Amino acid sequence: VKQADVTLAVTESEKEYFQTLTKHPVVVIENGVSLDEFSYKPRQKKAEKIILFVGNFDYFPNASAVKFFYDEVFSKITDQSVIFSIIGKKAGSLGLDTDKRVRTTEFIKDIRQAYYEADVFVSPIQIGGGTNFKILEAMATGLPIVTFSDRVKDIGAKNMQDVLTADNAQSFYEQVSLLLDDEALGKKLSENARKIIEEKFSWVIIGSHLSATWKNIYEKT
């Protein structure tokens, strides 16, 4: 970082850190999502409601997050029509298959289908930084999200407007329960979240920003 003429960061938080290491410019180039591939679809009413988490469970923060959510949140949800769907590598190794309301899938050909079928996306990750691609994909497809507040700080998503945020197990449970019961709230969140993706996180916008950064570097050499 100290030797670079320009450093690229993924989030504003990372930019702040890198800026303490160098006097040269630090530019934020966000992670993004394809608006065409991850198109918006409203939720459809059905007999069961699905809470979705997607990740690679070789990665400790994901495995820890799922176990936290199951033990501290999902186990308190008594409605038998509510399903916890866990998708990703080594999902079966989490040891949650004994619960008939938990479905684990290690591979899915098209992850978009899982987003469209789910009713709530949860991101109870407590460790790590950067921008979670899965949150961006869920926002793009119109799947309402419940997450810890620091997971969406750099995205700019606001609680009760674009997503629902929590700061501990109890508030996470309350926010998930609220979203499962309030269809109008879910619709509002999904529409607003999609607008954020369209305005800030499409590859077209991010590509233009990156191109301008390269051009600026070139013109200074």
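Mentor: Welcome! Let us begin with a term: a residue is buried under 20% relative accessible area, exposed over 50%, and partly exposed in between, using a 1.4 Å probe and protein chains only. This is a predicted model, in which local features need pLDDT of at least 70 and side-chain atom pairs count only at pLDDT 80 or more, while totals for chains, interfaces and linings use all residues. Residues are numbered from 1 along each chain as its sequence is written, and side-chain values use heavy atoms, with hydrogens and water left out.

Trainee: Thanks! What percentage of the residues of the chain count as buried?

Mentor: The chain has 221 residues. With the cut-off for burial applied, the share that counts as buried is 46%.

Trainee: How many helices and strands are there in the chain?

Mentor: Both are DSSP runs numbered from the N terminus: helices are H or I over at least four residues, and strands are E over at least two. By that rule, the chain holds seven helices and eight strands.

Trainee: What is the radius of gyration of the chain?

Mentor: This value is taken over C-alpha atoms, and the globule rule is 2.2 Å times the number of residues to the power 0.38. For 221 residues that rule gives 17 Å, and the chain's value is close to it, so the chain is as compact as a globular protein of that length. The C-alpha atoms fill a box of roughly 65 × 35 × 30 Å along the principal axes. The radius of gyration itself is 19 Å.

Trainee: On to the strands: which residue is the bridge partner of V122?

Mentor: Two strands pair if DSSP finds at least two bridges between them. Strand 6 (residues 120–123) and strand 7 (residues 145–148) have three bridges and run in the parallel sense. In strand 7, the residue that partners V122 is V146.

Trainee: And which residue of strand 8 stands opposite T147?

Mentor: Strand 7 is also joined to strand 8 (residues 164–166) by three bridges, again in parallel. Opposite T147 stands T165.

Trainee: Now the rings. Are the planes of F53 and F57 stacked, edge-to-face or tilted?

Mentor: Rings of Phe, Tyr and Trp (its six-membered ring) pair if their centres lie within 6.5 Å; planes under 30 degrees apart are stacked, over 60 edge-to-face and the rest tilted. The count of such pairs comes to ten. For F53 and F57, the centres are 5.8 Å apart and the planes meet at 45°, so the pair is tilted.

Trainee: Are F53 and F57 buried or exposed?

Mentor: F53 has a relative accessibility of 1%. F57 has 7%. Both values fall under the cut-off, so F53 and F57 count as buried.

Trainee: How many residues apart in sequence are the parts that F69 and F172 tie together?

Mentor: The ring centres of F69 and F172 are 5.9 Å apart with planes at 70°, so this pair is edge-to-face. Each of the two residues is buried, with F69 at 0% and F172 at 0%. F69 belongs to helix 2 (residues 60–72) and F172 to helix 5 (residues 169–181), so the distance in sequence is 103 residues.

Trainee: What is the reach of helix 5 from its first C-alpha to its last?

Mentor: The expected span is 1.5 Å times one less than the number of residues. Helix 5 has 13 residues, for which 18 Å is expected. Its reach is close to that, at 19 Å.

Trainee: Over the ring of which residue does the charged end of K41 sit?

Mentor: A charge sits over a ring if NZ of Lys or CZ of Arg is within 6 Å of the ring centre and within 35 degrees of the ring normal. K41 has its charged end 4.4 Å from the ring centre of Y116.

Trainee: Last one: what is the phi of K90?

Mentor: Most residues other than glycine have a negative phi. K90 lies in the loop between strand 4 (82–87) and strand 5 (102–105), and is partly exposed at 39%. Although K90 is not a glycine, its phi is positive, at about 65°.
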